[in-house]
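Subject: A structure for you to look at

Hi,

Here is the structure I promised to pass on.

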Amino acid sequence: MRNERWIFRPPSYLIPHTSYLNMFPWKSVIQIQSPCSTPVYLQIANAVIREVKQGRVQPGARLPGTRIMSGMLEVHRKTVVAAYEELEAQGWIEVCPSKGA
């Protein structure tokens, strides 16, 4: 029997870029309440709006990509996509495909 060591390496899309390492602490700011009448995607959108209104997120700041944000918040990627689409519809963010929000 060979002595093999297995090293877990997550897929590249789960490894944050260096620009995200010193990023805003979204996981601690967005508190998702599961038994709640407000859908999860609206809870995320409302939390982002709240942080912008309070001045903690500056205009022009980039949000993490949907894969990274969904990993941080431990929700499905489609939930974050819906939250970003809601923010865009309300005029809070501008989405640039393949560049982020």
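First, some ground rules. This is a predicted model, so local features need pLDDT of at least 70 and side-chain atom pairs count only at pLDDT 80 or more, while totals for chains, interfaces and linings use all residues. Residues are numbered from 1 along each chain as its sequence is written, and side-chain values use heavy atoms, with hydrogens and water left out.

Let's begin with Glu51, which sits in helix α3, residues 40-53. (Helices are DSSP runs of H or I with at least four residues, numbered from the N terminus.) Is Glu51 buried or exposed? Glu51 is buried, because its relative accessible area is 1%. The cut-offs are under 20% for buried, over 50% for exposed and partly exposed in between, using a 1.4 Å probe and protein chains only. Leaving out residues up to four places away in sequence, Glu51 touches Phe24, Trp26, Val29, Arg56 and Val57; a contact means heavy atoms within 4.5 Å.

Now the helix around it.

On to the salt bridges. How many are there in the whole structure? The search finds three, where a salt bridge is a side-chain nitrogen of Lys or Arg within 4 Å of a carboxyl oxygen of Asp or Glu.

- Glu51 pairs with Arg50, with the closest N and O atoms 3.6 Å apart. Arg50 is partly exposed, because its relative accessible area is 37%.
- Glu51 also meets Arg56, at 3.0 Å from N to O. Arg56 counts as partly exposed, at 49% relative accessibility.
- Glu74 meets Lys27, at 3.8 Å from N to O. This pair links distant parts of the chain, 47 residues apart: Glu74 is in the loop between α4 and α5, and Lys27 is in helix α2. Glu74 counts as exposed at 64%, whereas Lys27 is partly exposed at 44%.

Put together, Arg50, Glu51 and Arg56 form a linked network of salt bridges.

Cheers

Conventions. Helices (H or I, at least four residues) and strands (E, at least two) are DSSP runs, numbered from the N terminus.
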